[in-house]
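Reader: I would like to go through this chain helix by helix and then residue by residue. Could you take my questions in turn?

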Amino acid sequence: MNPIDELRAARPAHLGDTPLDERTRAAELAYAMARPRERRRRAVARPVWGLGLAGAAAALTAAAVVVVNGTGGAGAPPPTSAAAPPASSAPRTVRLPARAILLAAAEKAADQPEATAAYWHTVSVSRSVYTVEDGGYQVVDRQRHEMWTPRATGGEQWSSDQDLGAVPATDEDRAAWERAGSPSRITVQVPGKKLGPMTLSTSPGKPRTGHMPLVDGDKVFWLGRNVTMKDLRELPSDPDRLKAWLLRSYGGHSTESDEPMPSDTWLFQVSVGLISDMPVTPEVRAAAFRMLAGLDGVAVTEDVTDAEGRSGTAVALKEHVRVKDGSVLEQRLVFDAETGRALATESVVVEPGGLQAGLRPGTVWNSTAVLESGWTDTRG
């Protein structure tokens, strides 16, 4: 498949063949070129993480990789010291193990109220970091995604997307942008030399709306395979049974290619989408947290701030993933420990390379912040 065909295949189905502005084209190029050669084209409108297009770039990049030992971030082991404990009587902060934190989040998730309605509604903001062609500084491109998925079969899935504008990534990048004359249109590097650079605008664009029939009349999300709303609503609330249900779709490789992938890594990626924004019951979301708690090598980092400025807890696997282009990334879920609700999914640079060659370790290369997820009878 050539790069243009990859780009075309990567587009969510609900966007159809409508014209693209430059920013959307750039974001979709990053998604298309980050993903491996496809085993098959998925027909559903939502990517494997259940999030927006830019957020999918991180998830699908990770799907094409081999697993390597973690060296930092949420998957890093805590520092150790041979020094004797201090004599001070001041209270010390007690850090719970990852399993305990996830089990506590499961209890909170199970307690969340729910009342179904006509549509499952989600709002998210995706962010991707690009390097400017002339200047070398970084900018963050932002896109808002809104989706209404019908509960009934035979309906249509509606969407609204808006470019929010590119902004300098850091204060240092802002100074470089200002030295360049604060341009309103910025040419950035994108994957694939044949495709050339792309231009982003610093101004918000107009919302773009669209709608499409459900795949086969009833398929709504991707959970290792195309699933219906009935499938999601009837998922088992026991973590062992949920794990077995999910693993029926596991074939020893990633969801996007024939690249080998360990079952725990596959389960982590699929489960993050389930927790983030899929219309499952609170009990099933709790079961997913309990299932993650039982995975080997799972780790948490507390006091993480997402791109929206919200404080949360990040969960990731200690083993990171190496992409074919040479970079090493950490995929993580940021959640609110008080409610068990997802805040964001993030792709963090551990070792720069390929698409992330100009980024520092620790940079959140790609993220999708979940602003709203719930049932509604009103379609926008």
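**Packing around a helix**

Author: The axes of α8 and α9 come within 10 Å and cross at roughly 155 degrees, where axes are lines fitted to C-alpha atoms, for helices over the stretch in contact, and angles run from 0 to 180 degrees between N-to-C directions. This is a predicted model, in which local features need pLDDT of at least 70 and side-chain atom pairs count only at pLDDT 80 or more, while totals for chains, interfaces and linings use all residues. Residues are numbered from 1 along each chain as its sequence is written, and side-chain values use heavy atoms, with hydrogens and water left out.

Reader: Are α8 and α9 roughly parallel or antiparallel to each other?

Author: Angles under 35 degrees count as roughly parallel, over 145 as roughly antiparallel, 65 to 115 as roughly perpendicular and the rest as oblique. The axes of these two helices cross at roughly 155 degrees, and α8 and α9 are therefore roughly antiparallel.

Reader: Which residues of α8 and α9 make the contact?

Author: Contact means heavy atoms within 4.5 Å. On the α9 side the residues are V284, R285, A288, F289, M291 and L292, and on the α8 side they are L267, F268, S271, L274 and I275.

Reader: At what angle do α4 and α9 pack?

Author: Residues R99, L102, L103, A105, A106, E107, A109 and A110 of α4 meet P282, E283, R285, A286, F289, R290, L292 and A293 of α9. The axes of α4 and α9 lie 8 Å apart, and the packing angle is about 175 degrees.

Reader: How many of the residues of α9 are buried?

Author: A residue is called buried under 20% relative accessible area, exposed over 50% and partly exposed in between, using a 1.4 Å probe and protein chains only. The buried residues of α9, among them V284, A288 and F289, pack against several elements, including α7 (239-247), β2 (119-131) and β13 (328-336). Helix α9 is mostly covered, the buried count being 10 of its 12 residues.

Reader: How far apart are the end C-alpha atoms of α9, and why does that agree with its 12 residues?

Author: The expected span of a helix is 1.5 Å times one less than its number of residues. For α9 (residues 282-293) that rule gives 16 Å, which agrees with end C-alpha atoms that are 17 Å apart.

Reader: Is D216 buried or exposed?

Author: D216 is found in the loop between β7 (208-213) and β8 (219-222), and has a positive phi of about 60 degrees although it is not a glycine. With a relative accessibility of 63%, D216 counts as exposed.

Reader: Where does D303 lie?

Author: D303 is a residue other than glycine with a positive phi, near 60 degrees. Its relative accessibility is 58%, so D303 counts as exposed. The element in which D303 lies is strand β10.

Reader: What is the C-alpha to C-alpha distance between R322 and E351?

Author: R322 has its place in strand β12 (residues 320-322) and is partly exposed, with a relative accessible area of 30%. R322 and E351 are 29 residues apart in sequence, and their C-alpha to C-alpha distance is 8.7 Å.

Key
Helices (H or I, at least four residues) and strands (E, at least two) are DSSP runs, numbered from the N terminus.
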